[in-house]
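The structure comes first, and my notes follow.

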Amino acid sequence: MSVVLAVCEQRNDTLRKTSHEVVTGARRLADALGGPVEAVICGAGAVQGSDQLARFGADKIVTLTSAGFAKYAPEGYARAIADRARAGGYGAVVFAASATGKDLAPRVAAKLGVPLAADVTDVTVEGGAIVATRPAYAGKALLKVRIAAKPAIVSLRPNVFTPVERPKAGTVETAVTAVTAGRVVVREIKAAEAGALDVAEAQIVISGGRGLKEPANFKVIEELARAFGGRAAVGASRAVVDAGWRAHADQVGQTGKTVSPTLYIAVGISGAIQHLAGMRTSKVIVAINKDKDAPIFKVADYGIVGDLFEIVPRLTVEITKLHG
Amino acid sequence: MKIAVCIKRVPDSETRVKIAPDGKSLDEAGVKFVLNPYDEFAVEEALQRKEKAGAGEAAVFCLGPAAAQETIRTALAMGADRGVLLQTDRIPADGIETAKALAAELQGGGWDLILFGKMAIDDYNHQVGPMVAELLDLPCVTAVAHLDLEPGKGVAEREIEGGIEVVEFPLPAVLTTDKGLNEPRYPALKGIMAAKKKPLEVKLVKPGQGAIEILAMTPPPERKEGKIVGEGPDAVPELVRLLQVEAKVL
Amino acid sequence: MADAFLPADHQPPLPVERLLLKDGTEGAGDRMELDVLIVGAGPAGLACAIELAKLGKAGGVELNVGVLEKAEALGEHALSGAVVNPRAFRELFPHLKDPDFPFHGRVKKEAVYVLTADGRWRLPTPPTMHNKGFYVASICEIVRWLGARAEELGVNIFTGFPAASLLTKGNAVVGVRTAATGLGRDGQPGPGYTAPNDLTAKVTALAEGTRGQLAQAWCQWQGVASPNPQIFALGVKELWETKRPLDRVIHTMGWPLPNDAFGGSFMYPLEPNLVALGLVVGLDYEDAGLDVHVLLQRLKLHRLFRPYLEGGEMVEWGAKTIPEGGFYALPNRFSGDGVVLLGDAAGFVDVPSLKGIHYAMQSGIFAARAIFPAVKAVDPAARRLAEYDRLVSHSFVGRDLYRTRNMRLAFKDGFVLGAMQAALMTLTRGLFPGWRYTIRADAAKVRRASQSSPGGPGTPGWRPGSAEPPDGKLTFSKVDAVFKSGNATRDTIPTHLIVGKDIAPEVARFYAAMCPAGVYEAVVPLVGAQHAAPLLRINAPNCVDCKATDVVGPRWTPREGGSGPKYKRM
């Protein structure tokens with residue numbers, strides 16, 4: 001029987017949501033291997049929300065506590081997780097490919113002398129071996145790799161393993177460890193700089209193109225962005241940036257910024273390849289355009305044909321209702 | 001300051017990916033290879049630190065094929081002092097093997113800093129830097145976007161979800177560099193000329209096979225055919241419903 | 001709106017004040033001294049560099065040879081058909097065999113067709129167009145291969161450094177100044193600014209390629225004329241991965257070109273399922289609405305081409321002009337004090353055989369043989385470098401161009417008459433007609449104004465069911481085409497195009513139709529409910545350096561290094 005270790009994360013003693021994805025991925029792997037899932041979190045004490053992990057399929061939830069573990073401690077965490085992995089004879093160790101997971105997983109892998117399949121989008125068991133799929137070349141190809149090591153270490157690409165409820169017993173325990181923080185110390189976490197959201201980082205991007213007819217009309221896009229409550233940034237096509245309607249920093253496309261938000265809304269943009277190159281990896285694409293033959297509709301998941309000056313304000317109203 | 005920079009030769013980010021007949025690798029016909037963009041930040045940082053210190057060395061190390069000499073020359077043209085190519089025809093898919101080859105070379109070099117790009121734009125592994133740190137038992141900070149150094153220690157900032165982590169570490173250390181750390185310089189004409197005369201040592205290496213095997217390389221799935229929800233503003237409520245229920249993004 | 005116009009009336013003069021600088025002019029950063037400086041890493045420049053390095057080695061002289069190239073990497077601004085005559089390769093690399101050269105297949109089968117909108121007639125291959133024994137090749141690959149050979153021999157190649165001005169001293173050329181990088185849109189230094197560099201050399205070889213700015217400026221400055229003005233054609237080319245293999249070299253004439261245009265198409269197999277396809281049209285056409293890019297899109301729908309392309313993928317797109325004037329458009333001399341002109345920059349292209357690469361390389365080899373003793377003697381005076389002129393004139397380069405001296409020119413009055421005269425010339429090995437056709441420069445040819453929007457009904461080659469709008473599978477818009485050229489020029493550099501003032505609507509349309517990269521757009525602004533006259537909008541970053549509109553209108557100037565296309569296998 002092979003146990004799968006799911007390495008979860010906390011910030012300010014509270015479980016991070018990405019941990020639900022980690023346990024979901026671990027559960028999937030454990031089912032294929034026929035074993036239980038053990039979730040492990042490093043912290044200074046009790047971690048709020050850790051008991052929820054049972055809902056997503058954790059058979060056991062362990063908090064490894066140490067005085068130096070309140071904030072992420074790269075060396076301490078790596079030592080504690082590696083010690084546990086070594087002792088427990090796990091079949092696999094699953095991380096999130098989050099900022100922390102990307103830092104932590106390779107350290108643990110190196111301590112154990114095993115490989116790491118990073119940023120995977122799928123993980124299965126084929127003929128007894130763990131097989132992972134991971135993007136390469138900026139997502140222009142997928143690599144299917146077999147991991148011939150025990151434990152097999154994988155980190156899961158965020159937002160891919162949608163949490164699935166698979167309630168398990170989820171016994172909760174706390175294990176005090178003597179491991180200290182180590183030489184590398186996180187002194188503080190600063191809030192990201194305030195101000196307008198960058199298109200490259202926003203979860204939601206709403207871009208406008210020539211269909212807006214004149215620069216002042218960008219206000220309909222800005223109003224829609226505001227309706228999303230600070231999660232949305234305003235982008236622009238090259239045509240309107242060249243025309244001087246918007247700043248170059250807002251340009252989405254091959255010669256501008258490459259974005260992959262959860263939701264991309266293209267308003268009055270026809271969809272030249274050079275624009276598509278900058279946004280086609282967005283999770284969900286919505287197009288609003290008056291020309292039903294516009295190429296943007298070929299990459300959009302959802303489209304509305306018609307006058308953007310009627311459609312966008314209505315959308316703003318609906319989104320405001322949702323968030324209101 | 002004695003600084004080592006580990007760099008990689010990768011296909012240009014605009015490369016059109018075509019899969020080779022073996023079904024497992026990139027067809028390299030017509031592909032342009034460049035210095036990994038994240039490694040440019042590492043090279044630039046090394047040069048700035050050395051210039052600031054007024055003395056020392058910036059040496060570049062690269063595991064790769066014979067053609068990677070060109071990649072090393074690019075770093076030398078930017079201003080690095082010397083290069084070492086750990087030459088192999090095959091870069092293992094398993095990052096730990098690359099890390100072992102580099103660590104063996106860097107061991108005992110007396111480096112104040114060992115720099116890497118935070119990841120290579122071909123394999124997206126983002127792991128070799130911290131692995132080398134573990135193998136050499138050096139402190140390590142990854143994805144550094146801001147850096148202050150004092151004698152014997154440093155403070156780095158790295159971007160995390162919704163914030164910036166401020167990290168203290170002692171020197172010597174391994175750092176991996178992210179966008180924003182600096183603005184990499186273009187090689188100047190004089191730098192390109194000088195690079196030809198700088199030492200570039202080639203050492204044949206045989207990295208281990210590793211425990212990761214590539215079974216297949218495939219194109220990403222085509223986006224599934226989208227749907228026109230409707231015409232005009234009356235289609236908006238249905239769009240919002242689909243985004244909530246079907247796409248689950250609201 | 002005028003029915004006809006003369007492009008020259010709207011063309012700004014060549015900016016010689018920018019292109020010629022007295023050595024020592026302020027504003028440069030680094031200064032570097034070389035023995036020989038070659039401007040342009042194409043087949044001509046690299047062949048010259050290789051031959052020089054070999055002569056230096058053989059003569060025990062250490063020569064410092066530098067090659068400046070404006071593309072970010074070798075070959076990225078090179079575009080050609082191309083079927084290559086290997087003779088210059090054999091001369092430059094006597095110890096290598098044909099299979100060692102960077103060629104694809106040897107031409108075994110070829111076919112020439114005259115097309116109509118729906119049909120085709122196969123013609124016997126004209127003697128000048130025989131290609132059997134030659135090789136299909138990608139000039140990008142040739143350039144990368146030549147560059148590697150040159151570097152092995154110790155030549156310094158500086159990619160990403162365009163030569164912006166000639167440095168002069170008295171009547172002599174003493175080097176060049178490169179273009180600055182990191183300028184903002186307003187022309188002021190921005191972050192990452194690097195000042196221009198001055199490179200000086202005993203001899204500067206101008207191998208800039210078609211419509212070379214420095215070569216033009218030098219000819220103008222030194223009063224070097226030619227019997228006829230140089231004329232140009234524009235070639236637009238696509239590279240396709242096809243499902244259906246192609247086993248032969250194909251050329252076509254006729255449709256979709258109007259009768260008053262000279263040109264034709266080609267389709268070559270680089271590999272059985274990798275096909276180069278292009279359309280070349282002389283820029284002396286009458287109808288100002290003619291659009292070579294659009295014509296190529298239409299051509300692909302013809303039943304001769306469509307079956308090969310359907311289900312395939314267009315992987316690269318590019319455009320470039322070709323100097324087509326031939327023998328009588330060559331400058332009266334190719335050398336002067338401290339300078340030689342090579343390859344396309346001098347005009348060494350033979351139109352009837354559709355070849356230029358081996359002439360370019362051969363000119364580079366000859367130039368090296370004249371430069372080497374001059375540099376060794378530290379005497380780069382014109383009279384020493386004139387040896388280059390002699391070598392060219394007494395070789396196959398001079399002889400071939402002389403034999404076909406009138407063939408392209410005969411087509412100035414239309415295709416049918418031209419074809420008949422060309423046949424007579426071939427029969428008499430060039431003796432017919434016994435006189436020199438006089439021609440006008442492309443900018444001096446009167447154009448018939450087009451009332452139609454570019455590519456729309458009424459423009460040449462249009463018929464119901466034409467390729468508009470492009471479907472993104474078989475046919476492409478200019479914007480998408482530019483994307484496929486790999487062009488990722490920084491959007492915030494200053495414009496590199498000098499455009500005349502108050503461009504009339506018919507001229508704006510002419511530029512918009514001619515430019516294959518959508519740099520020029522004739523935009524019709526709405527004024528109240530009425531359509532106003534079109535304005536000229538300029539999307540400078542789109543430019544792929546083909547130089548077509550430079551020939552008849554706005555002047556192209558060198559911009560930041562690494563700008564422009566990034567051709568891989570054109």
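**Strand pairing and the A–B contact**

I began with the strands and noted that strand S13 of chain A, residues 185-191, pairs with S9(B) in the antiparallel sense over six bridges. Since this is a predicted model, I treat the pairing as computed. Within the pairing I looked up one position, and found Ile189(A) opposite Glu165(B), a residue of S9(B).

I then turned to the whole contact between these chains, where 67 residues of chain B are in contact with 64 residues of chain A. On the chain B side, the elements that each supply at least two residues include helix H3 (95-106), helix H4 (128-136), strand S7 (140-150) and helix H6 (236-245). I noted that S9(B) gives the largest share of that side, with eight residues. Sorted by class, the side of chain B that touches chain A holds 41 nonpolar, 14 polar and twelve charged residues.

**A helix pair in chain C**

Next I looked up helix H9 of chain C (residues 357-376) and helix H10 of chain C (residues 382-393), which pack at an angle of about 155° with their axes 8 Å apart. The crossing in which H9(C) passes H10(C) is right-handed.

For the residues that meet, I wrote down Phe366(C), Ala370(C) and Ile371(C) among those in H9(C), and Leu385(C), Tyr388(C) and Leu391(C) among those in H10(C). By class, this contact of H9(C) with H10(C) comprises nine nonpolar, one polar and three charged residues.

Notes
Residues are numbered from 1 along each chain as its sequence is written. Chains are lettered from A and ligands numbered from 1 in the order in which they are written. This is a predicted model: local features need pLDDT of at least 70, side-chain atom pairs count only at pLDDT 80 or more; totals for chains, interfaces and linings use all residues. Axes are lines fitted to C-alpha atoms, for helices over the stretch in contact, and angles run from 0 to 180 degrees between N-to-C directions. Helices (H or I, at least four residues) and strands (E, at least two) are DSSP runs, numbered from the N terminus. A crossing is left-handed if the near helix is turned anticlockwise from the far one by less than a right angle, and right-handed if clockwise. Two residues are in contact if their C-beta atoms, placed from the backbone, lie within 7 Å. Ala, Val, Leu, Ile, Met, Phe, Trp, Tyr, Cys and Pro count as nonpolar, Asp, Glu, Lys and Arg as charged, and the others, Gly among them, as polar. Two strands pair if DSSP finds at least two bridges between them.
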